[in-house]
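Thank you all for making time this morning.

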Amino acid sequence: MGVQYRNAFRSTQVVFREYDCLFTTGKYNIDLNVLSGIVISRLRYPLALEEDARGEYTDWLTLHLRETSFYLLEQENEKDLRWLAEVFASTAEQMDVLLETAKQREDAQAVSIMMDVKHRRFPTKKLKFCL
């Protein structure tokens, strides 16, 4: 797949449509960790990202959220992990996946970040007692 991805460049410019089309077959042929980087980069910096490609990247990342977050924690990539929590995670359940992964890695800093983001983005409703 490396040659095919390299062919998606013309001179020093990326032909984004070709680059994004390669993901359809690349997701079966490329290492999960490399794919995580490709997907996060395209979603974080969506220059010329078409809706169908965005959907495909989003679906893949949603499906592999646990593995991706584990890899990011392993690489100590706080910037992308924080992006996953603050921008990508759209449900409390997805935040729980990120939080659980940080707990499994026993990364106190990441657990703290995930808890902070979860409470900010998905606050729990306080129960009120009225007579």
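I will go from the overall layout to one helix, then to a helix pair, and finally to the charged side chains.

A word on the basis first: this is a predicted model, in which local features need pLDDT of at least 70 and side-chain atom pairs count only at pLDDT 80 or more, while totals for chains, interfaces and linings use all residues. Residues are numbered from 1 along each chain as its sequence is written, and side-chain values use heavy atoms, with hydrogens and water left out.

Let me start with the layout. The protein chain contains 9 helices and 2 strands, where helices (H or I, at least four residues) and strands (E, at least two) are DSSP runs numbered from the N terminus. Read from the N terminus, the order of elements is α-β-β-α-α-α-α-α-α-α-α. The C-alpha trace spans about 70 × 30 × 25 Å along its principal axes. Of the 131 residues in the chain, 34% are buried; here buried means under 20% relative accessible area, exposed means over 50%, and partly exposed lies in between, with a 1.4 Å probe and protein chains only. Among contacts with a separation of 6 or more, 55% are between residues 24 or more positions apart, a contact being heavy atoms within 4.5 Å.

Now to helix α4. This helix has 13 residues and reaches 18 Å from its first C-alpha to its last, close to the 18 Å expected at 1.5 Å a residue; the expected span is 1.5 Å times one less than the number of residues. The buried residues of α4 are L35, S36, I38, V39, I40, R42 and L43. What do these buried residues pack against? Their partners are α1 (2-6), α2, α3 (23-29), α5, α6 (65-74) and α7 (78-88).

Two of those partners, α6 and α7, also pack against each other. In general, two packed helices are described by the angle between their axes and the distance between the axes. For α6 and α7 the angle is about 145° and the axes are 9 Å apart, the axes being lines fitted to C-alpha atoms, for helices over the stretch in contact, and the angles running from 0 to 180 degrees between N-to-C directions. The contact involves L65, T68, S69, L72 and L73 on α6, and D80, L81, L84 and F88 on α7. Sorted by class, it has 6 nonpolar, 2 polar and 1 charged residues, where Ala, Val, Leu, Ile, Met, Phe, Trp, Tyr, Cys and Pro count as nonpolar, Asp, Glu, Lys and Arg as charged, and the others, Gly among them, as polar.

Is T68 buried or exposed? At 0% relative accessibility, T68 is buried, and beyond its neighbours within four places in sequence it is in contact with S36, I40, W60, L61 and L84. V87, which is found in helix α7, is exposed at 52%. Leaving aside neighbours within four places in sequence, V87 is in contact with R82 and R121.

Finally, the charged side chains. How many salt bridges does a search of the whole structure find? It finds 12, a salt bridge being a side-chain nitrogen of Lys or Arg within 4 Å of a carboxyl oxygen of Asp or Glu. R17 and E50 form one of them, at 2.6 Å from N to O. R17 lies in helix α2 (residues 16-21) and E50 in the loop between α4 (32-44) and α5 (51-63), so this pair ties together parts that are 33 residues apart in sequence. R17 is exposed at 54%, whereas E50 is partly exposed at 32%.

Another bridge joins R10 to E18, with the closest N and O atoms 2.7 Å apart. R120 and D116 are also bridged, at 3.4 Å between the closest N and O atoms; they are 4 residues apart in helix α9 (residues 108-121), separated by about one helical turn. Both belong to a network of salt bridges that links E78, R82, E86, D116 and R120.
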